[in-house]
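Here's a quick briefing to read with the model open beside you. Have a look at the fold, then work through the notes by topic.

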Amino acid sequence: MMADLIAWLLVIAIAAYACAGGTDYGAGFWDLLAGGAERGKRPRWLIDHAMAPVWEVNNVWLIFILILMWTGFPLMFQAVFEALWLPLALAAVGQLLRGAGFALRKPTHRIAQRRVYGAAFAISSLLTPFFLGAVLGGIASGRVAVDVPASSDAWANPTSLMAGLMAIAATAYLGAVFLCSDARRFGAHDLVDYFRRRAWAAFAALVVLALIALPVTRDDARYVWDNLTSGLGLLMAILAGVCGLATVLLLVRRLYGWSRYTSVATVGLAVLAWGFAQRPYLLPTSLTVSQAAGAAHSLRWLAIVTLIAVLLVGPALVLVYRLDTKGRLEPLTDTDTSAARLPGDDA
């Protein structure tokens, strides 16, 4: 039972990162498609102001995922990082470039440098979720197992490709929905409809990709398909679709605050559907939760430490998100970062 508890905590942490980190990736996706310097100036200004207070906080969930995997399920951790080291390494590099690009482009006044940093941020925001989605696709398709060597087939397969594309579409959907509310909060009323249209487009793309993924999953990831089309997996998938449609209707009614909750529910429930579809396996169909679990005392200590972390860190995270939603957190200014102008800036 302890192993099952840790496994579900892992799924919940993945869902939390998909929603929190996914929103940031989505903002970077729209930064990439915002256009040239003049045309994209306003959308990028909003993205900078909306992301600045919380973008580092959202990566806490990724650290939590790695700790749960490493400590709770060492066999799974070993198998995943052996077979999928390349896409994971590319995702890690993308994380570093993305963070550096976002952090450095605002205090930099040289236009050429800002373009380089902005491109690193935007392109990495596209590639990182794709590789992370490809990793999940490789696991779901049953291509990852203990002592299976790394190969391109483990992540460059139909299920991984669809999972990567759906990850990009889901982040674009979350990012656009949240930026609608942020545009109104920052008084950028001209950008509310701008991002509302993009939220509709991203949701439509997500639906199309999900429909394409159905026959792909049936042929390429049969175990997950069987459990995703019955029982709790099917229920979670249906609820995710209902929440997605609710988000579209809320955007039509311009209820942007509520649309945030339903968009998060859409992605979170989709991740839970994947979790139910894989059980009792962590690596279908070769490694169950009980087989992958670490030592009993390690699981007990992991549960205790997780509980303490939830009690100590959880309220702080909730407070940060709440303050950000209410517009009480402001990004650092040039004075705060000591970003002095230099000769040749803006050149």
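Residues are numbered from 1 along each chain as its sequence is written, and side-chain values use heavy atoms, with hydrogens and water left out.

**Confidence**

- Mean pLDDT for the protein is 88, and 93% of its residues reach 70 or more; pLDDT is the predictor's confidence in each residue, from 0 to 100.
- Helices (H or I, at least four residues) and strands (E, at least two) are DSSP runs, numbered from the N terminus.
- Over residues 332-347 pLDDT stays under 50, and the model has 24 contacts beyond four places in sequence for that stretch; a contact means heavy atoms within 4.5 Å.
- Where pLDDT is low, the predicted coordinates should not be read in detail.

**H1 against H6**

- The axes of helix H1 (residues 2-32) and helix H6 (residues 111-140) come within 8 Å and cross at roughly 135°.
- Axes here are lines fitted to C-alpha atoms, for helices over the stretch in contact, and angles run from 0 to 180 degrees between N-to-C directions.
- That angle is why H1 and H6 count as oblique to each other: under 35 degrees is roughly parallel, over 145 roughly antiparallel, 65 to 115 roughly perpendicular, and the rest oblique.
- The H1 and H6 crossing is left-handed, meaning the near helix is turned anticlockwise from the far one by less than a right angle (clockwise would be right-handed).
- Residues making this contact include Tyr17, Tyr25 and Phe29 of H1 and Phe121, Leu126 and Leu132 of H6.
- By class, the contact of H1 with H6 has 10 nonpolar, four polar and one charged residues. Ala, Val, Leu, Ile, Met, Phe, Trp, Tyr, Cys and Pro count as nonpolar, Asp, Glu, Lys and Arg as charged, and the others, Gly among them, as polar.

**H1 against H13**

- H1 and helix H13 (residues 296-325) have axes that come within 11 Å and cross at roughly 25°, which makes H1 roughly parallel to H13.
- This contact is made by Met2, Ala3, Ile6, Leu9 and Ala20 of H1 and Leu299, Arg300, Leu302, Ala303, Thr306 and Tyr321 of H13.
- Those residues split into nine nonpolar, one polar and one charged.
- The crossing of H1 with H13 is left-handed.

**Salt bridges**

- The structure holds 10 salt bridges, each a side-chain nitrogen of Lys or Arg within 4 Å of a carboxyl oxygen of Asp or Glu.
- Arginine 44 and aspartate 31 pair up in a salt bridge, at 3.3 Å from N to O.
- Arginine 44 sits in helix H2 (residues 41-51) and aspartate 31 in H1, so the pair ties together parts that are 13 residues apart in sequence.

- Most residues other than glycine have a negative phi, and most peptide bonds are trans.
- The peptide bond from arginine 279 to proline 280 is cis, with omega near 5°; proline 280 is in the loop between helix H11 (256-278) and strand S1 (281-283).
- Proline 284 and threonine 285 are also joined by a cis peptide bond, with omega about -10°.
- Aspartate 147 is not a glycine, yet has a positive phi of about 70°; its place is in the loop between H6 and helix H7 (158-185).

How values were computed. This is a predicted model: local features need pLDDT of at least 70, side-chain atom pairs count only at pLDDT 80 or more; totals for chains, interfaces and linings use all residues.
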